[in-house]
Amino acid sequence: MKLLENSKLNIATKSLVSRDYIISKLTEDFDSIIENFENSEYEAIFMTFTGHGYGKVFIKKDELDSIVAKCFQSVENKLFRGYLRGIYKNLDRIITLNFPRLAFIHSKDKFDVETHLHVLALFPRQLIPTLKETFIFLLKEYCKNCKNSGLNISIGARFHSRPYTGSSVDFISYCTRKDKYDSDKDYLASFSDMVSRYTLGRVNSNKKYKDGSPNFIKYHENFLINLPRKPTLTLAQVRSDLGIKMTEIASNPSTKYTLLKSDVGTGKSYFANSLPVKFPNKKILVLVKRHENYSNYSNYKGLPPLPEELQNFFENNKESGINSHQLLEKLEPTTSYLERIRNLYLEYKETEKKILNESQFVVATHSKFFHGSIKKHHFELIIFDECLVDEMTRTKSVSFEEMDKFKTEKSFFSKMISKAFEKVNSDFPHRIDFNDVIKNKIAAIHDQEIQRAVELLSSGKKYKNSSMKILSLLKQPCLILKTNEGFLFAPDLKSYLEIPESNFIILSATASEPIYERIFRDDLNVCKLDSPELLAKITQNVKINFTKSSISKIEIKQQAQRLLAEFTENDYKTIGFKELNPDGHFFAVSSNNNLSGMNLYVQGTPNPERNKFLLLISLLGYKNVKIKKYDTLKYARDSYKDYDLNYFQISNSDEVNQIYYSQVESELIQAIGQTRPFEHKSEVVIHSAFPVNNFAKFR
């Protein structure tokens, strides 16, 4: 662990040349720590102390500087003096330890802002939550003392990015408001000599260290070793808690919908599979992402997947907008192919019906629930294994060509619907909900077209009518957005989960709580389990980043491909964008454990697709929130959960930005989870600009 050695350089020197040299030395040392602190217990923290005066009182630079310096000194005395006295027999009388830090102060005279002070400090990672509280408490006490002396002020302490992922050069550039911090000889005017500390410690005045120069690195390392450790839960403990909690919710849910959050690999599917043993008299439906996930549910009867030939038939007729189920029920086969297709369909439906009617414990897919007829069958408890939002908000598209064909129809009906589409634009989704008269008309036309399709197919001819595709999407309320290719449709959410007799449990490691809270409101209970001890070594470099749009540039795509190849050669499995052919790709990694225990390279930032995200937030009830074009986005400071963030702000709405961040984070955590990081000591490397703070160490 490389930390700052003791230095005799005097930052207070008036020589600008000396000051330049000192700053250069400091940034070199700080950057060395920042780049390598994944191997240490230290973390770089960006802090801001802001002073406010009341009435006509303005806090001066020297006042804020002095108070913050005293605050740091109090914190260091409290932490280090007892340690030095107890472990090294009153060594605290001879030496003083401190946390390395750089500080700059801004005020109205130079920066035309209210007085505030920025600090880049190195703190022990496990002490940071406590340090936040300590700084806030001490500042309040200092302000009380100032008030007693006639100075009415308040000072706030804000811990920014945790951890700080920039360099000290980035920090100084920000503090001096310069593109390059050394571009102006006056940049040091705002440097705070009083708060800054550019060593790990010093020998106290009039004292002599008996063995030459003290090894401050050793004292800091031993200080870290002697810190009390927060007890961590084992994976077995978390699994036990999860089993108890799931049984409790299944037995007596407090709300209609329960979001049960527990980390990837903690056994959510295992305990859901055990519920039939614990509740033999309940009728339970489990819904999974894919048919291959049925293997996790041996105590449930699985609804059959569509036979491949039948699936191809459905796919071929999908673009016509005709309900293939209704078509096959009415079809009178005239060829051996159609007869085989219809028999396959009838057998499939009979098997499905028998399972739903006779089996007490059933497993099916999310898609089957949202787009099939399962909802007509009663289940006391419905469990979604993994987040339901993607399937619940699945969009469908209509091309401009299909819309143009629809407009060419002479009927008044097509003209009326075409007129409704004139209000649809690319900035805000437009809601269309026709009255019952029009809906009945659409349903009648659909029935007529099914009959026509039956007659055509029965006579060996193909049926194709793109107008029906549009009409079928308008039978229910929906949101429509204009895109570069045509129109994107999203279904209204209201009727999807309104099943009075059923209670729901959603099992997920990463489901976005803000989304669920918007959908289910007061009917939702969120239950989060603590995380077990992380065994995997996870490191992240936020300065290497790829996005879906950036890899469209050939040079960036080639760079990404080279990195994928390098990690593959070093026996890492890879997850990234589908276009680059990694071992696994974003938006298709949940409910997979085929990379369990393997070293993993996660490449890129999986930002939600803009148009789908715009439809999502509209479905959640956000009105007229403008989502910025991705090619106009710039990094900006924001906050997410308990840390500050330097990332794209997709909108001017704080709530919408939080949802956006949660979706990015969710996909990255799902990717990390493929190696089962709480079970295996695997290595994970992440190249993404979005920090996965609760998992990764940064470099």
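To start us off, which residue in E15 is the bridge partner of serine 397?

Modeller: Happy to, and please keep in mind that this is a predicted model. The bridge partner of serine 397 in E15 is leucine 488. That pair belongs to the contact between E12 and strand E15 (residues 486–491), where four bridges join the two strands in an antiparallel arrangement.

Stepping back to the whole sheet, you will find four strands in the order E12-E15-E14-E13, forming an open sheet with antiparallel pairing. Strand E12 (396–399) and strand E13 (430–432) are at the edges and have a single partner strand each, so one side of each has no neighbour in the sheet. From one strand to the next, the twist averages 30 degrees.

Now for the helices on this sheet. Helix H14 (residues 400–407) lies across E12, strand E14 (478–482) and E15, and it runs at about 65 degrees to E12. Helix H20 (residues 610–619) also packs on the sheet, where it touches E14 and E15, and its direction makes about 145 degrees with that of E14.

For the surroundings, let me turn to another set of strands. Strand E24 (residues 683–687) is mostly covered, with four of its five residues buried. Strand E18 (residues 537–541) pairs with E24 in the parallel sense over five bridges, and the partner of asparagine 541 in E24 is histidine 687. Strand E21 (residues 600–603) runs parallel to E24 too, joined to it by four bridges; here leucine 600 stands opposite valine 684 of E24.

Then there is the nonpolar packing. In soluble globular proteins, nonpolar side chains tend to be buried together. The largest nonpolar core in this model has 112 residues, of which Phe369 and Tyr516 touch the most other members. Helix H21 (residues 654–672) gives the most to this core, with nine residues. Another core lies apart from it and has 57 residues, including Leu84, Cys175, Phe216 and Leu224.

Most residues other than glycine have a negative phi. Arginine 521, in the loop between helix H18 (513–520) and strand E17 (524–528), has a positive phi of about 50 degrees although it is not a glycine. Aspartate 571 is not a glycine either, yet its phi is positive, at about 65 degrees. You will find aspartate 571 in the loop between helix H19 (554–569) and strand E19 (573–576), and it is exposed, because its relative accessible area of 64% is over the 50% cut-off.

Terms used:
Residues numbered from 1 in each chain as written. Predicted model: local features only at pLDDT ≥ 70, side-chain atom pairs only at ≥ 80, totals over all residues. Heavy atoms only, no water. Pairing = 2+ DSSP bridges. Axes fitted to C-alpha atoms, helices over the stretch in contact; angles between N-to-C directions. Contact = heavy atoms within 4.5 Å. Buried < 20%, exposed > 50% of the residue type's maximum accessible area, 1.4 Å probe, protein only. Core = buried A, V, L, I, M, F, W, Y, C linked by side-chain atoms within 4.5 Å.
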